[in-house]
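This report considers the overall form of two protein chains, taking each chain in turn. Please examine the structure shown below before reading on.

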Amino acid sequence: MKTKSFAISGMHCASCVRVLERALSKVAGVDSATVNLATEKAHVTYDESQVNDDNLKEAVAKVGYKALLGENGHSDEKDIRKKKELKELGIKVLVSLAIGGLLFWASFPTLMETAPSLLKDSLIQLLLATPIQFWAGFSFYQAAFSSLKNRNANMDTLVVIGTTVAFGYSAFVTLYPEIIQGLGIDPLPYFDTAVVIIGLILLGRFLEAKAKLGTSDAIKKLLSLQAKTARVVRDGKEMDIPINQVIVGDQILVRPGEKIPVDGKVLKGESAVDESMVTGESIPVEKYPGDLVVGATINSTGTFTMQATKVGSETVLSQIIALVEKAQGSKAPIQRLADTISSYFVPVVLMLAIATFVVWYVFGPTPAFLFAMLNTVAVLIIACPCAMGLATPTAIMVGTGKGAEHGILIKDAESLEIAHKITTIVFDKTGTLTLGKPKVTDSSVMENIDEVAKTLTLHITPQTPLEQYIFSLIFSLEKHSEHALSTAITSYLQEKTKELPVEGARAIAGLGIVGTVNHEKVIIGTKKLMEKEKIILCSELEKKAQLFAQEAKTLAYIAVNGKHVALFAIADTLKDSARETISELLKIGISSYMITGDNKQTAKAIADQAGIPNENVIAEVLPQEKEKIVREFKEGNGKGRKTLAFVGDGINDAPALASANVGIAMGTGTDVAIEAANITLMNKDLRSVVTAIRLSKKTMRTIKLNLFWAFGYNVILIPVAMGVLYPFFGLLLNPILASLAMATSSISVVTNSLLLKRAKL
Amino acid sequence: MTLDKIFVILLGFFGVITTYWFFFGKKEEKVEAKGSIDIKVEGGYSPSYIIIKKDATTTLNFLRKDPNPCLEEVNIPDFGIKKFLPLNENVPIVITPKKKGEFPYSCGMNMYFGKISVI
């Protein structure tokens, strides 16, 4: 037997409880079911072998409610609770502000002349203010009391003391006016102050809570990406099953327009898949048998069958969600100061309030007691510790969420903070700046091939163009080799040729391949192989070969029937986005370096294309030396420390990624890379490096603005509320204005953080 | 100076001292967690100072009794944890500290604090 609790949405009365309890008890295998209206939760005890989440969901849905079971339940449940709380808070805000408005009308000098005399009666005011003070303000009392029990203090403590003083004094004035009169003070109540303060602070809380719901949108969006069902083929039958029942090894059919349910491998069929939700890359990616597909991405036009390789919490999407959640829960170093201040803040404000009372009572003008009381209340009400507490975390939440939308996964708040200070970036060459796959960059056939062909006795059909025939010979032979350079040649020639019959293909290690294709003897390989096979090199092609060699390209010589006829140059090519990225980085004051195991000539050729200065190229580095070089670089090689980022493409770069101030892993979702890197870019587009740095800069700007506002607000307005301007300008802060300022301060911090959502990256 | 003013000065002085003593003079209640520990969330965290052994997997059972929205979230930044605490419901958080040291935790608004000491 297993007991499960889950939230139910849509409940509104006690009768719902009975309906739901009956519906759940009827499910075969359920032993008992109880439903609680207050918590909107069901507790069900059942036999696991007979009942699953879907049975329970179905039973609840049948009677018109929704059971929040499964992964999304928790966040939905939180939302439902929040919305319910917000509704109750909204009513309290409306009632308090309406009554506050009436009391203000009847109490404010000059305005009060127009108010009905009934409202001006102190006893009526007492009757109106009491429910606001103790019903609407109940949550303040409750929180303040439980804090004090633990010898803690928070904003509620300040609000409770402030409003209780105003309310208590007013009640005393109303009930015993003669005593106050006896002290030479006009017995005027301040109910409006207490009630309006409560109304405005509740309004502030209401708006702040609403805005805060928006800061966690990113996780909700990610969760909603998940497909709900999968069409699996089991025992030769197709069936739709809930996604949580898919197991590794299941064959899944994906039709056009559908979401791919889990991570897997394409078995049959082909299609283009929109992976933008994971990589931020908008162009659909072609998928063929053997290719990996990621759950939650969208299949476009084709139909294919895939095999599930990762399900549940193992999928890339689940890992992304977990990572974003973890980052949002982490703390940026910049927050430390705010935290330290927060922990001392409220008690210090309480002490300042006492001091304010004493100074005004002893040195203030008459009626000293009234001045002392009102200024003390103003000090208590204006202090706003919440703005300081919210300044950093709200911005971090929005910033990391926005990153995830762009395929930029930030490990923690600290990484986001350091990234804005980056002055130097070291790029790994292969796979990061370059595609990491050798590609044919140039292909040449000898100029007078038509003449030479006559001497070669080729078995060519009259309608086949000669160049195409030679390419077909090369393509067909290279198909028999698995060497990386051969793959480069076959993929280059794929479109231009047709396959011909091959006999006796033989690879010669380190040199090339020989064989008979369509009765022609074909040799493809290095210059050495040509010499070995006693082929006379074509001088025209040899000149080209020298030029290509200077560009650090690898050469493939081709001989047909004993004659050197063609030459291919192969090189790892620069990514399209590389040059633009390097120049963008330079514009924002970041210098780029390149590190590689290649020889200096090859490295310089690539660096030139990317726009990296030659002196910034570190070549002939062994893989195990990368980490050491990055570390030394970070120390500045004696020229002062640098904030250094290392951009690499995965597992073999892990030590260097971990050693840099900010490790940026590209185009990989593997655990090892995510673990070692501070920032993981889900796509292979280098421009994401710039986007990530921009995101960091914008988030930090928001945090700094928030902190400046939150600190500045308290540092300036607390002394004003204490009355420091009074001796010079006769200026005092009305407690009602203080509550208005206080309510707006935390809202403005949250709103400023939400503005990050709209920032262009 | 009139008597009432002298009285107010003395009272104020006493008030400041008392406030200081009340909030800053409290001793932290240190409790060692053995496998798991219940933490009551009501006007703060009780106990607030938790001692855990390095590498020991420990369950922190947070039970929020306080409706104050300030406390509705608990944040343990060094472990990347930010969890919503529904009222009157036990929320288990499992951690396995890999490093020794003191790691603070707080409410979502950074107003209430606690510490996890890893030894």
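## Chain B: burial and surface

In this predicted model, 47% of the 119 residues in chain B are buried. The accessible surface of chain B amounts to about 5,900 Å², and carbon and sulfur atoms contribute 60% of that area.

## Chain B: fold and extent

Chain B contains one helix and 10 strands. Of the contacts in chain B between residues at least 6 apart in sequence, 50% link residues at least 24 apart.

The radius of gyration of chain B is 19 Å, whereas a compact globule of 119 residues would have a value near 14 Å. Along the principal axes, the C-alpha atoms occupy a box of roughly 65 × 30 × 20 Å.

## Chain A: fold and extent

Chain A has 30 helices and 26 strands. Its radius of gyration is 37 Å, well over the 27 Å given by the globule rule for 761 residues, so chain A is more spread out than a compact globule. The C-alpha trace of chain A spans about 130 × 75 × 45 Å along its principal axes.

In chain A, 53% of the 761 residues are buried. Among contacts between residues at least 6 apart in the sequence of chain A, 67% join residues at least 24 apart.

## Charged side chains

Chain A carries 79 positive and 75 negative side chains, and the centres of these two sets are 2 Å apart. Chain B carries 16 positive and 13 negative side chains, with the centres of the two sets 6 Å apart.

How values were computed
Residues numbered from 1 in each chain as written. Chains lettered and ligands numbered in written order. Predicted model: local features only at pLDDT ≥ 70, side-chain atom pairs only at ≥ 80, totals over all residues. Heavy atoms only, no water. Helix = DSSP H or I, 4+ residues; strand = E, 2+ residues; numbered from the N terminus. Rg over C-alpha atoms; globule rule 2.2 N^0.38 Å. Buried < 20%, exposed > 50% of the residue type's maximum accessible area, 1.4 Å probe, protein only. Contact = heavy atoms within 4.5 Å. Lys, Arg positive; Asp, Glu negative; His and termini not counted. Charge placed at Lys NZ, Arg CZ, Asp CG, Glu CD. Areas by Shrake-Rupley, 256 points an atom, 1.4 Å probe, with all protein chains shown as cover.
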